[in-house]
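Welcome! Please take a look at the sequence and the model before reading on.

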Amino acid sequence: MKNVMNLQFSALSQNESFARVAVAAFIAQLDPTMDELTEIKTVVSEVVTNSIIHGYENDPEGMVYISVSIDDSTVELTIRDEGVGILDVEEARQPLFTTKPDLERSGMGFTIMENFMDEISIISHTGEGTIIRLKKQLTKSNAFCN
Amino acid sequence: MSLEIEQEIRDNILCIRLSGELDHHSAEDLKNRASTAIVKHNIRHIILNLEELSFMDSSGLGVVMGRYKQIKQNHGEMIVCAISPPVKRLFEMSGLLKIVKLELSEENALQKLGVA
């Protein structure tokens with residue numbers, strides 16, 4: 001059965017922790033492993049941080065939208081902002097690439113998303129915003145195999 | 001949950017103990033405190049104790065890389081202790097694992113640096 005949760009919040013760094021904890025709490029009903037939960041929390045943190053720093057360039061008026069859908073053991077995350085958008089998506093995906101090296105950004109955000117999730121799609125239009133869709137198949141819990 | 005930062009200076013070694021969550025929100029504070037201590041006390045080596053760290057993302061990697069670059073100028077070393085498997089994976093992905101040294105405890109790290 002498909003189960004959906006939607007969340008929207010101000011683009012403030014103090015909401016990064018809230019976002020990953022809220023998503024993790026929703027996904028907890030699928031009984032994920034600790035590793036899977038950590039991976040999803042890390043990915044949420046990466047996308048939300050990107051929206052705040054790059055999408056909205058730290059303008060707290062911006063809003064970040066998260067939609068999580070779980071179905072059987074599949075988790076789908078859609079995280080959207082209405083910020084400046086990504087100029088060159090392919091470039092942004094390169095490990096260690098960052099447009100803000102002076103802020104000590106590691107440039108590892110997209111690499112982490114790709115490593116921790118099974119599928120990723122990035123739709124971005126400059127001046128309009130960015131939508132990141134991520135999918136992950138959780139390992140089946142052994143709880144039902146008595 | 002936020003980040004608690006404890007810093008202790010021993011000779012030219014800065015020991016940083018982190019507890020809680022290291023993300024973009026808390027990274028700035030760590031960056032400021034650590035880099036101030038490095039300059040003020042002429043720090044050469046860093047021991048980063050992650051035993052009580054429950055979460056870290058790429059913003060954390062950025063701060064760690066930044067401090068590594070800072071002490072590298074003084075030909076120092078960075079030793080990371082009590083790294084958890086998830087954080088180790090992040091270090092691996094970013095290449096940090098190749099340039100920092102890992103130790104199980106702070107004591108081992110201090111021994112490695114010829115102290116204690």
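The points below cover the contact between the chains, the charged pairs, and the packing of helices.

This is a predicted model. Chain B and chain A meet in a contact that buries about 1,900 Å², and four salt bridges are counted between chain B and chain A.

**Where the two chains meet**

- Chain B brings 22 residues to the contact, and chain A brings 26 residues.
- Carbon and sulfur atoms give 53% of the area buried between chain B and chain A.
- Between chain B and chain A there are 13 residue pairs in polar contact, counting pairs with both residues at pLDDT 80 or more.
- On the side of chain B that touches chain A, the elements giving two or more residues are α1 (24-40), β3 (45-56), α2 (58-72) and α3 (85-94) of chain B.
- The most comes from α2(B), which gives eight residues to the side of chain B that touches chain A.
- Sorted by class, the side of chain B that touches chain A holds nine nonpolar, seven polar and six charged residues.

**Charged pairs**

- Side chains of opposite charge can pair when their charged atoms come close.
- Over all chains, the count comes to twelve salt bridges, and four salt bridges are found between chain B and chain A.
- Arg67(B) and Glu104(A) meet through their side chains in a salt bridge, at 2.8 Å from N to O.
- Glu39(A) pairs with Arg89(B) in a salt bridge whose closest N and O atoms are 2.5 Å apart.
- Glu39(A) belongs to helix α2 of chain A and Arg89(B) to helix α3 of chain B, so this pair joins two chains.

**Helix packing in chain A**

- Two packed helices are described by the angle between their axes and the distance between the axes.
- Helix α1 (residues 15-27) and helix α2 (residues 34-55) of chain A cross at roughly 145°, and their axes come within 9 Å.
- This crossing of α1(A) and α2(A) is right-handed.
- From α1(A), the residues in the contact include Glu16(A), Ala19(A) and Val23(A), while Leu37(A), Ile40(A) and Val44(A) are among those from α2(A).
- The contact of α1(A) with α2(A) has nine nonpolar, two polar and three charged residues.

**Helix packing in chain B**

- The axes of α2(B) and α3(B) lie 11 Å apart, and these helices pack at an angle of about 60°.
- The crossing of α2(B) and α3(B) is right-handed.
- Leu61(B), Val64(B) and Met65(B) of α2(B) meet Leu90(B), Phe91(B) and Ser94(B) of α3(B).

How values were computed: Residues are numbered from 1 along each chain as its sequence is written. Chains are lettered from A and ligands numbered from 1 in the order in which they are written. This is a predicted model: local features need pLDDT of at least 70, side-chain atom pairs count only at pLDDT 80 or more; totals for chains, interfaces and linings use all residues. Side-chain values use heavy atoms; hydrogens and water are left out. Contact means heavy atoms within 4.5 Å. Buried area is the accessible area (1.4 Å probe) that two parts lose on being put together, summed over both. A polar contact is a pair of N or O atoms within 3.5 Å; within protein, one must be able to donate a hydrogen and the other to accept it, and residues adjacent in sequence count only if both atoms are side-chain atoms. Helices (H or I, at least four residues) and strands (E, at least two) are DSSP runs, numbered from the N terminus. Ala, Val, Leu, Ile, Met, Phe, Trp, Tyr, Cys and Pro count as nonpolar, Asp, Glu, Lys and Arg as charged, and the others, Gly among them, as polar. Axes are lines fitted to C-alpha atoms, for helices over the stretch in contact, and angles run from 0 to 180 degrees between N-to-C directions. A crossing is left-handed if the near helix is turned anticlockwise from the far one by less than a right angle, and right-handed if clockwise.
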